[in-house]
Amino acid sequence: MAQNTHAFFATHLGNKVSSEMTEWTLRTRLDCSAEAAVEAVRIGASTDLRKESAVLPVPALIIHGDADASAPVHLCGRRMAELVPDNVYKEYPGAGHGLFITHADQLNQDLIDFIGADAAPV
């Protein structure tokens, strides 16, 4: 996990992450049992959500970094965008799996825009 921390944020592409954030991220990933960590990876890699994705009954926002080492964009984000019928797909150039930190402003704005786009008038 420690070796994957910089790939998680794609810092090799210039994404700035403080050493404190890097350490916090590593600590949170290590704050579970080895069995739970292995099981989470196994379930994530083996669960097939294609049928459910194809009939998702609500609009979906799909955001994926094109430098995601954990879930490669061509296998995950782009395929999900092809499967989900009513979606907005955003691909962030140079973003890794930890884009919630490295691209927080962009992510927050995209979330606000998406939620506001279908919000019912009050």
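**Salt bridges in a predicted model**

Arg-42 forms a salt bridge with Glu-39, and the closest N and O atoms of the two are 2.3 Å apart. Side chains of opposite charge can pair when their charged atoms come close.

Arg-42 and Glu-39 both belong to helix H3, which covers residues 34–46, and they are 3 residues apart, about one turn of the helix. Arg-42 counts as partly exposed because its relative accessibility is 46%, and Glu-39, at 32% relative accessibility, is likewise classed as partly exposed.

Another salt bridge joins the side chains of Arg-78 and Glu-91, with a distance of 2.8 Å from N to O. This pair links distant parts of the chain, since Arg-78 sits in helix H5 (residues 77–83) and Glu-91 in strand E2 (residues 87–92), 13 residues apart. Arg-78 has a relative accessible area of 38% and is therefore partly exposed, while Glu-91 counts as partly exposed at 28% relative accessibility.

Strand E2 also holds a partner in the next pair, in which the side chains of Lys-90 and Asp-110 meet in a salt bridge at 3.6 Å, N to O.

Methods. Residues are numbered from 1 along each chain as its sequence is written. This is a predicted model: local features need pLDDT of at least 70, side-chain atom pairs count only at pLDDT 80 or more; totals for chains, interfaces and linings use all residues. Side-chain values use heavy atoms; hydrogens and water are left out. A salt bridge is a side-chain nitrogen of Lys or Arg within 4 Å of a carboxyl oxygen of Asp or Glu. Helices (H or I, at least four residues) and strands (E, at least two) are DSSP runs, numbered from the N terminus. Buried means under 20% relative accessible area, exposed over 50%, partly exposed in between (1.4 Å probe, protein chains only).
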